[in-house]
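I opened the model to look up a few points and wrote them down in the order I checked them.

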2 protein chains.
Amino acid sequence: MKLNSNYLNLKESYLFAEIAHRVGAYKASHPDERVISLGIGDVTLPLTDSAVAALRKAVDEQSRAETFRGYGPERGYAFLRDAVCDYYADKGVSLDAEEIFVSDGAKSDLGNMPELFGNSRVLMPDPVYPAYYDVNVMAGNEMHFAEGTVDNGFLPAPPEDGRFDIIYLCSPSNPTGAVYSAQQLKEWVDFARATDAVIFFDAAYESFVRDGNLPTSIYLVEGAKECAVEFCSFSKTAGFTGLRCGYTVVPKGIAEGKLNALWNRRQTTKFNGVPYIVQRAAQAVLTAEGRAEIGRNVGYYMQNATVIHNALQDAGITHTGGVNSPYVWMKCPAGRTSWEFFDELLTRAQVVGTPGVGFGKTGEGWFRLTAFGAHDDTLVAAERLNALCRSLS
Amino acid sequence: MKLNSNYLNLKESYLFAEIAHRVGAYKASHPDERVISLGIGDVTLPLTDSAVAALRKAVDEQSRAETFRGYGPERGYAFLRDAVCDYYADKGVSLDAEEIFVSDGAKSDLGNMPELFGNSRVLMPDPVYPAYYDVNVMAGNEMHFAEGTVDNGFLPAPPEDGRFDIIYLCSPSNPTGAVYSAQQLKEWVDFARATDAVIFFDAAYESFVRDGNLPTSIYLVEGAKECAVEFCSFSKTAGFTGLRCGYTVVPKGIAEGKLNALWNRRQTTKFNGVPYIVQRAAQAVLTAEGRAEIGRNVGYYMQNATVIHNALQDAGITHTGGVNSPYVWMKCPAGRTSWEFFDELLTRAQVVGTPGVGFGKTGEGWFRLTAFGAHDDTLVAAERLNALCRSLS
């Protein structure tokens, strides 16, 4: 049987699967230990009240023939696309509802959209969310990297020269927590327009930006509507990691509307839309009440970020993020590699984090912690992390 | 901007979008007419009671931190994969839960799975569900067709020679309603094994098979676990068209387990699973109570199929399907083309159907009707259809 040779080029295992494997093995042999995860970016707060109320109402509708809704529009119901437009309008960004595509999460759309470009030259940050890399291996694309280092504050600038078809950016960054300024994003937009590239802008963590001077959408930058697709998610703010809903903005200004039309064609052919009941929950998240709730959720998680930040600061560990982002990016103590520190943190402190090298080669010797845990757990984990780091220094 | 040239080869419009456009235009200019759709395969019965109860319970769980579930396994929760295994066991098919992948619907998986094969030679029926064709245009694949005609009962047999990488089959067929016997499927399985091809078996309508001698799964045929992937859905039986859940079976017997592993890798990288609450609803559909409910739904729709069948028979119109299938495939009266009859049926009888030519070139002059309407509507539509056909003969 002839299988796709690009798929056969994939490395053995997906980062989070490997972590789950090691944690599972440790727990199996240490059943009484309290292992706390500051690893994978799953949330601990449940669905917001508005979302739950909207779900209940929508389930009632789906239980009766008079109000039942079957196949919906693949791109999403107008009620939700309009609500997303209103959300952007409040940021000062004017979008048309036809530019919004409701998705089952940013991961799906970030993975599927390269299809529209065929064989491509792709530029992505390093370190980076590993799925960006894997989907482009699957597509057989030629990959190049813009390195995020201490020297550039983990915010790589466009290269001096070179042409790329697709440029991935993520701000606030997963994994480093660094956030581009409007001026820095403008350099990327100018570069993309000058070289006829598309930017895939992953804005999944935009709600965590508290500094009013930092942009929460690439469309706050002039010219972005001519070159940038923006991916967003309800996962981290409203507890939608298990409910699955996000949205993708494909402006009609890109390639004279062709990209918007092709994405619509892709979605109508290979996707049947997000569940009606889930779209009603997402709509509720974007009401005034829903937004107040997610503001409180963000506040809760950012308290955790502060706790982690303080623990590292106290131990004298170099780190970034955790201010306008739920991610903290720390240098492994005492010259440890990422996986050495992973194992040490797991077996000596019973805390799970994510090895930086899993996000790319410049991540070697670095480590990602997340603020999505329960607050009590995070307090305990931060104390253990602090003690381990001190003992290693 | 360099866009995928394969996408640019797509024909202008997707069948159902064109239908929606024509119906919308007619309704706008005839606001008082009662237009009845026997067209797109959406259902009219609401979610089954078991599914609704399971949804309500799961929403409650998601509203509390103690019972909240975030990211689930991309391939689906074990509780649902186990329930699917039980469902197959009752048919006499033994599957491993690791061979089941929960999806957001058969359409997504049927569209995405060609990725695993790269550039391929593909054989599909004609007429056929148009998304099969479109996704392979998008992939730049080389397409060949096995024609379903009156002479072979719309059940094409394998070709005498030729090699293909992927073979699509659909039984009960969309659009013709024809159902393969076990012996006929065995010919396809033998052909696939002899030529090292994979079969994509679309079993979305298996619940409509009432004749106990006809297979409801390709795995009832010897050797199928070495060559066939089976796609199934809760859409038509349990009212899940707007809730979005299906499942795909990728046996480990195919390519020594490689296809199962690659599909798992694809799903873990580009998909984040089906909502937890939806998986609980699907699990409820597969309980004894849930299965009794879908049996009643199938009975309701099959009454409609009988009404349509009788109306055509009375008018002397050649047709097939509607016995072990919710689809009826009729010859357009008086030599009309598919779209001519579509327009005539819409404007003279205010009934919407689906032009056969939209399913491939052998569908020209044929027309698809579906049994998924409300019973009262179907009675009225069948009467109007009968009168129009008589007036044209």
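For the entries below I took contact to mean heavy atoms within 4.5 Å. The model is predicted.

Entry, one threonine. I looked up what Thr248(A) touches, leaving out residues up to four places away in sequence, and got Glu99(A), Ile100(A), Phe101(A), Asp109(A), Met113(A), Val229(A), Glu230(A) and Phe231(A). I placed Thr248(A) in strand E8 of chain A, residues 246-249. Its relative accessibility came out at 0%, so I noted Thr248(A) as buried. I then checked its side chain and found a polar contact of 2.6 Å to the side chain of Asp109(A).

Entry, nonpolar cores. I found 186 residues in the largest nonpolar core, and Ile199(A), Phe240(A), Ile199(B) and Phe240(B) have the most contacts inside it. A second, separate core holds 62 residues, among them Ile254(A), Tyr7(B), Ile166(B) and Ile254(B). I went back to Ile199(A) and listed its contacts beyond four places in sequence: Ile167(A), Leu169(A), Trp188(A), Val189(A), Ala192(A), Ile218(A), Cys227(A), Ala228(A) and Val229(A).

Entry, the two chains. I superposed chain A on chain B with a rotation of 180 degrees and 0.0 Å of shift along the axis, at an RMSD of 0.0 Å. I recorded this as the relation of a two-fold axis. Which residue of chain A comes closest to the rotation axis? I found Arg56(A), with its C-alpha at 3.5 Å. Last, I compared the interface residues: 100% of those of chain A are also interface residues in chain B, so the copies meet through the same surface.

Terms used: Residues numbered from 1 in each chain as written. Chains lettered and ligands numbered in written order. Predicted model: local features only at pLDDT ≥ 70, side-chain atom pairs only at ≥ 80, totals over all residues. Heavy atoms only, no water. Least-squares fit on C-alpha atoms with pLDDT ≥ 70 in both. Helix = DSSP H or I, 4+ residues; strand = E, 2+ residues; numbered from the N terminus. Buried < 20%, exposed > 50% of the residue type's maximum accessible area, 1.4 Å probe, protein only. Polar contact = N/O pair within 3.5 Å; in protein donor to acceptor, adjacent residues only side chain to side chain. Core = buried A, V, L, I, M, F, W, Y, C linked by side-chain atoms within 4.5 Å.
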